[in-house]
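Here are my notes for when you open this one.

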Amino acid sequence: MRTLSLTSLATAVAAALLLSGCASPIPTPNPQLAWIEPQPAPDDELLIERVGDTRTPDGRYAEVAPGSCSLSLLYNFTARFGLVTNNPKTLSCQIRFSPYDYAAGKRYYVRGSHDMGQPTVTLHNAQGDLLATGRSTCL
């Protein structure tokens, strides 16, 4: 019984250490790079997975060298169909943006929303202007 308790404790500690990376503060943007930040709808999860062919270390933001590159994100949300929401369905969607020409020192926001199970994920500049719409594949 004691081994089980130690195993459970070790598992809990390992999980806490893994999750602590998510709780770390977001760094100050580097002015020599473009900054991309996801803005999901409330209760949703929108994370940057890749910039070009490079996996991002922290899905809450990405710093991008000036120039053109593609963007891939993961969008998880719960869809509620119709007036009765007894059977909500959690969807996981891969979002891809075609290459966009990012500028150094500029901030960009990826906004996610959904309606009746259909995600809409868009790229905006700091002024809120729509720059691009992502293509989605949901499971």
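1. A disulfide here is a pair of cysteine sulfur atoms within 2.5 Å. Bear in mind that this is a predicted model. With that cut-off, a search of the whole structure turns up one disulfide.

2. Which cysteines make the link? The disulfide is formed by Cys 93 and Cys 138, with 2.0 Å between their sulfur atoms. That puts the pair inside the 2.5 Å cut-off. As for handedness, the link of Cys 93 and Cys 138 is right-handed, with 105° about the S-S bond.

3. Now look at what the link connects. Cys 93 sits in strand β6 (residues 89–102) and Cys 138 in strand β10 (residues 135–138), so the pair ties together parts that are 45 residues apart in sequence. As a reminder, a disulfide is a covalent bond between the sulfur atoms of two cysteines.

4. Buried or exposed: how do the cysteines come out? Cys 93 has a relative accessible area of 1%, so it is buried. Cys 138 has 32% relative accessibility and therefore counts as partly exposed. Cys 69 is worth a glance too: with 14% relative accessibility, this cysteine counts as buried.

5. On to the rings. Five aromatic pairs come out of a search of the whole structure. Among them is the pair of Tyr 100 and Tyr 108, which is edge-to-face, at 6.1 Å centre to centre and with 70° between the planes. Tyr 102 and Tyr 108 also form an edge-to-face pair, with 5.0 Å centre to centre and 85° between the planes.

6. Tyr 108, at 6% relative accessibility, counts as buried. Tyr 102 is buried, as is Tyr 108.

7. Strand β8 (residues 118–125) pairs with strand β9 (residues 130–133) in the antiparallel sense, over three bridges. Which residue of β9 is the bridge partner of Thr 122? The partner is Thr 133. Four residues lie between β8 and β9 in this hairpin, and Gly 128 in the turn has a positive phi of about 90°. When you check side chains along strands, remember that in a regular strand they alternate between the two faces of the sheet.

Key: Residues are numbered from 1 along each chain as its sequence is written. This is a predicted model: local features need pLDDT of at least 70, side-chain atom pairs count only at pLDDT 80 or more; totals for chains, interfaces and linings use all residues. Side-chain values use heavy atoms; hydrogens and water are left out. Two strands pair if DSSP finds at least two bridges between them. Helices (H or I, at least four residues) and strands (E, at least two) are DSSP runs, numbered from the N terminus. Buried means under 20% relative accessible area, exposed over 50%, partly exposed in between (1.4 Å probe, protein chains only). Rings of Phe, Tyr and Trp (its six-membered ring) pair if their centres lie within 6.5 Å; planes under 30 degrees apart count as stacked, over 60 as edge-to-face and the rest as tilted.
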